[in-house]
Amino acid sequence: MYRYVLKRLVLLIPVLLGVSFVVYTILDFAPGDPARLVLGSKSSEAAREEFREEHGLNKPFVVRYVSYVGKVVQGDFGKSYRTGRDVSKELLNRLPATVVLAATGVLFAIILSIPLGIVSAIKQHSAVDNVGMFVALFGITMPEFWLGLMLILLFSSFLGILPSGGYGSFANLILPALTVGMPCMANLTRVTRSEMLGVMREDFVRMARAKGVAKRVVIMKHCLKNALIPVITVAGLLFGTLLGGTVIVENVFGWPGVGAFLVKSITMKDIPAVMGGVMLLALLFSLVNLAVDIIYAFIDPRIKAEYSNRRSA
Amino acid sequence: MRRKRICVMALALLVCLTLSLAGCSGGNDSDAQTDGVSIIAANDYDITSFDPHKSNDIASSTALRAVYDTLIYANEQLQFEPGLAESWEYTDDNTLRIKIAEGVKFHNGTPLTTEDVKFSIERQQKSGFVGDIVSSIESIEIVDDLTLDLKVTDASAGVIAGLAHAGAAILSKEHVEGLEAEGKSIDDDPVGTGPFIYESWTVGTEYTVKKNPDYFDENRAAKADRVTVRAMPEYNSQVVALQNGEIDISIFMSANNLTEIEADPSLTVVRYETTEETFAAFNCSKAPFDNVKLRQALNYTINRDNIIQVYMAGTGMPNYGVIGPSAVGYTGDVTKYEYDLDKAKALLAEAGYPDGLSFNLAVCTDYYAPAATVWQADLKKIGVDMTIEVMEVGAYYDMTGSAEHEVALSGWYGEPDPSTTFNPCFNSELIGKGGNNFACFKSDEIDSLLEQALIEKDMAKRLEFYYEISRIATENAVYAPMTSAEGFIILRDNISGVTPDLQGIIRLNGWTKS
C-alpha cells in the first residue's frame with residue numbers, strides 16, 4: 001500500500017513536467033506581448049524593451065523554459081510580471097479561499113446527494129424519486145452566475161440573513177459554497193441513484209434478502225458500499241475541477257480565490273503567475289485523485305488486495 | 001466495523017478541516033470598526049500595489065493618492081495646485097526650482113526632506129510602469145533641506161503634469177531603504193504623507209485606510225475616519241450590496257444596471273463624462289484604406305444613436321473628435337461626419353467602389369463587439385461587407401502593432417498631459433510599433449505639431465496644437481469616431497463628497513457620511 005502511494009507520488013514528477021511544458025509552450029506561442037499588456041498601452045518602447053530584457057523575454061524559448069524549470073526545482077516560482085510579488089506568495093494567499101470553497105461545496109454535495117440518491121433508487125418512480133431527479137436536473141442545468149445571483153436575491157436582498165459577498169466569516173462562505181455545491185450535488189445524486197439501482201438488481205443482494213438479512217442492512221452494507229466507488233471517483237473529480245473552475249462564482253461573490261487571479265494573469269500574459277497557478281492546480285488535482293484511490297482501498301477489500309498484490313509481484 | 005469507523009473519521013476530519021480553514025480565514029474580519037465615520041466602497045477590481053512605481057491603473061491611483069502626496073497636486077479639473085511643493089518656477093530653460101512645504105511629516109513621524117524627493121523620483125525613473133513620466137528629468141540637485149533643482153531636457157508643461165501623476169508620489173527614503181534591506185516590499189508597510197494612513201490590505205479582497213489626523217493641508221484633509229475599498233467584480237452583486245447597506249459607494253458601475261438603481265430612492269447616481277472614446281481606426285498605410293474618399297464614405301455610415309442604445313445601454317454621448325470630451329486637448333470643433341447613407345454611397349462610388357467592398361474589422365475583446373455589430377448592419381445597407389473578428393487583447397495589439405490590420409475597433413483614454421494622449425496615436429515614428437498608432441497615418445504636419453506641443457511652455461498654446469491635430473485627423477477621416485462613455489458612481493443617500501476628476505479617478509479625502 002505505502003509503496004503504491006510512493007510510486008504514485010514519484011509518477012507525479014513526469015506529469016508535472018509534461019503539464020509545465022505544454023502550458024509554457026501554449027503561453028509562449030499565444031499572441032500578445034507581456035511587456036505591453038503589463039506596462040499598459042501608454043508605456044514607451046524603451047520601457048517595454050527594458051521589461052523584456054529584465055524578464056529574459058528576448059532569450060530563445062528553450063533557454064527560457066529550461067531556466068524556468070531549473071528555478072522551480074529549487075522552489076522558486078519567480079515573480080509575477082503584473083504585481084512584482086512572488087508567485088508562490090500570491091498563490092498561497094489565495095489558496096485557502098479556494099480550498100475552503102471547493103471543500104465546503106463538495107462536502108455539502110456529498111452530505112445531501114448520497115441520502116437523496118439512495119432514497120430515489122429504493123423508491124424508484126415514486127414522488128420522492130421524481131422530485132429528487134428534478135432537483136438534480138435543475139442543479140446541473142442552472143448556470144452558476146444565475147444561481148449565485150438568485151441566492152443573493154433570496155438570502156441577502158429578500159430575507160436579509162446572509163451577506164451578498166465578501167470573504168472572512170462563515171456567513172460569507174454559505175452562499176458561494178451552495179452555488180458551487182449545487183451542480184456537484186446534482187451530479188452525485190444521479191450517479192448514486194443509478195449505481196444503487198444497478199447494484200440492487202445483483203444476485204448477491206437478492207441472496208442476502210432471501211437469507212433474511214434486514215432490508216436496511218442490505219441497502220447500507222451490501223448495496224451502498226458497492227455503489228460508492230463511482231460516486232467517490234466523481235466526487236474527487238468534481239473537487240479537483242472546483243479548485244480551478246470557480247472563477248464565475250468568485251466574481252459574483254467577490255471571493256478571493258485562485259481562479260479569478262489565474263484568468264486575469266492569462267489575459268495579461270503574466271507567464272510566471274499562470275505557470276505557477278497551473279502547476280499548483282495540477283498538483284492538487286493529482287493529489288486529490290491519489291486520495292480517491294486510497295479511499296477505494298478502505299471501501300473495497302478487493303482493491304486493497306490488489307494494491308498489496310502489487311507489492312508482492 | 002473498523003473500516004466504517006475510518007470512513008466516519010475521514011469525513012469528520014474533512015468537516016473539521018473545512019471549518020478550521022473557514023475559521024482562520026475569518027481572522028481578518030477584525031474589529032477595526034471603532035468610533036467615527038467608516039465608509040465602505042466597492043470597485044470592480046482590486047489595486048495592483050501600494051508601491052507607486054509598480055502599477056499604473058485607475059484603481060491603484062485612488063489608493064496611492066490616499067496614502068501619498070505628489071509634489072504638485074492636480075485638482076478635479078486637472079489644474080495644478082501646490083502639493084508637497086509650496087512653489088515651483090523655472091530659473092532657466094533647463095532648471096525647475098522646487099520649494100517643498102515645511103513641517104510635513106510621514107505617517108511614521110519622520111519629517112519630509114528633499115532627500116526623500118530625490119530618492120522617490122530617481123526610484124520612479126527605474127520603473128517600467130511610470131518611469132517614462134519623469135524621463136525628461138536628467139538630474140536632481142539638492143540645494144537645501146527644502147529646496148531642490150530639477151534639471152530637465154526641455155522645459156515643457158509636461159514636466160509639471162508628470163510630477164502631479166500618482167506615480168510621482170513621494171516616498172520616505174529611510175523607510176523604503178529599511179524595508180528593502182530586510183527583503184520586504186512597500187506593500188508590507190506603505191508609509192506616505194497623504195491624508196490617509198494605510199491600515200490593511202487583503203490582496204484580491206479589500207484595503208482599508210484611516211484618517212491622518214496630522215495632515216499638513218487642512219483643505220485636503222480626510223473627512224471620513226476610515227475608508228475601505230472592496231473588490232467586487234460583479235456589478236449585480238454590487239447593486240444588492242448597496243441596497244442592503246453592506247457597501248456605501250460603488251465607484252464604477254455598469255450602465256446596464258442604471259435603470260434598477262435609478263428606481264431605488266435610497267441610491268443616488270453621480271454621472272460624469274469620461275476621457276474615453278470608442279472608434280474604428282482605418283489602416284491608412286495600406287490599400288484600400290489609403291484612399292481618403294473611402295475613409296470619408298465609411299465615416300458617414302456611423303449611426304451613433306444606435307450605437308449608444310446597443311453598446312452603451314442608452315448612456316454616453318456621440319463623439320466626432322479623436323478623444324473623449326473630458327480629456328485635456330479635446331475639441332469638438334472638427335470635421336463632423338453625420339450618419340447619412342446616401343452621402344456614403346455617393347462617396348463610395350467616387351472612391352472607386354460603386355459596388356461596395358469587403359474588409360475585415362479587428363475588434364479588441366467582446367467588450368466592443370456590440371458597436372461593431374451595429375456598424376456592420378449599416379455598412380450592409382450600402383453594399384459593404386464587413387467581417388467582424390473579435391480578438392483577445394494581446395492578439396489585437398500584436399496586429400495593430402505590426403500594422404497588419406485593415407480596420408481596428410477599440411478605445412483610447414486621455415491622460416493628464418495631452419502629449420501622452422496624442423503622441424502614441426499620431427506620431428508617425430510609432431506606426432507599426434507598440435500598437436497604439438491605430439490609424440498608421442503619416443503626416444508631416446501632425447509630426448511637427450506634436451514636436452512643437454512637446455516643447456511649448458504655455459499651456460493654452462500647447463492645446464491649440466492638439467486641437468489642430470484633431471482637425472487634421474478628422475479632415476482626413478483616419479478614424480471613424482463613435483461614442484464616448486459616461487462614468488457612474490452610485491452612492492447611498494447618506495453619502496456625499498464623492499467627485500471624480502476629469503480622468504475619472506476618485507479621491508477619498510472628501511467623502512462624508514451623515
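Why does Ala35(A) count as buried? In this predicted model, Ala35(A) counts as buried because its relative accessibility is 0%, where buried stands for under 20% relative accessible area, exposed for over 50% and partly exposed for what falls in between (1.4 Å probe, protein chains only). Residues are numbered from 1 along each chain as its sequence is written, and chains are lettered from A and ligands numbered from 1 in the order in which they are written. Local features need pLDDT of at least 70 and side-chain atom pairs count only at pLDDT 80 or more, while totals for chains, interfaces and linings use all residues; side-chain values use heavy atoms, with hydrogens and water left out.

Ala35(A) belongs to helix H2 (residues 34-39) of chain A; helices (H or I, at least four residues) and strands (E, at least two) are DSSP runs, numbered from the N terminus. Leaving aside residues up to four places away in sequence, Ala35(A) touches Gly40(A), Arg48(A), Phe51(A) and Arg52(A), a contact being heavy atoms within 4.5 Å. Of these, Arg52(A) is 17 residues from Ala35(A) in sequence, with 6.3 Å from C-alpha to C-alpha.

On the scale of the whole chain, the assignment divides chain A into domain 1 (2-73) and domain 2 (96-256), with bounds that come from an automatic or database domain assignment. Taken over C-alpha atoms, the centres of domain 1 and domain 2 of chain A are 37 Å apart.

The interface between the chains comes next. Here 50 residues of chain A are in contact with 50 residues of chain B. Chain A and chain B bury about 4100 Å² between them, 59% of it on carbon and sulfur atoms; buried area is the accessible area (1.4 Å probe) that two parts lose on being put together, summed over both. Lys42(A), Arg85(A) and Phe298(A) supply 15% of the area that chain A buries against chain B, more than any other three residues.

Chain B is assigned domain 1 (36-66 + 194-272 + 492-514), domain 2 (69-193) and domain 3 (276-484). The centres of domain 2 and domain 3 of chain B, taken over C-alpha atoms, are separated by 36 Å, and the contact takes ten residues from each of these two domains. About 720 Å² is buried between domain 2 and domain 3 of chain B, with 66% from carbon and sulfur atoms. On the domain 2 side, Leu78(B), Ser156(B) and Ala157(B) lose the most area to domain 3, together 42% of what that side buries. The count of salt bridges between domain 2 and domain 3 of chain B is zero.

Two sheets of chain B can be described strand by strand. One is an open sheet of four strands in the order E4-E5-E7-E6, with antiparallel pairing; two strands pair if DSSP finds at least two bridges between them. Its edge strands are E4 (85-92) and E6, each pairing on one side only, and the twist averages 20° from one strand to the next. Strand E7 (residues 147-152) has five of its six residues buried. Five bridges join E7(B) to strand E5 (residues 95-100), and six join E7(B) to strand E6 (residues 137-144). Leu148(B) in E7(B) is the bridge partner of Ile98(B) and also stands opposite Ile142(B). E6(B) and E7(B) form a hairpin with two residues between them. Helix H3 (residues 114-125) of chain B lies across E5, E6 and E7, at about 170° to E6(B); axes are lines fitted to C-alpha atoms, for helices over the stretch in contact, and angles run from 0 to 180 degrees between N-to-C directions.

The other is an open sheet of six strands, E14-E18-E13-E17-E15-E16, with mixed pairing. Strands E14 (317-318) and E16 (385-391) of chain B each have a single partner strand, so one side of each is left without a neighbour in the sheet. E16(B) runs parallel to strand E15 (residues 358-364), joined by seven bridges, with Thr387(B) as the bridge partner of Asn360(B).

Conventions. Salt bridge = Lys/Arg side-chain N within 4 Å of Asp/Glu carboxyl O.
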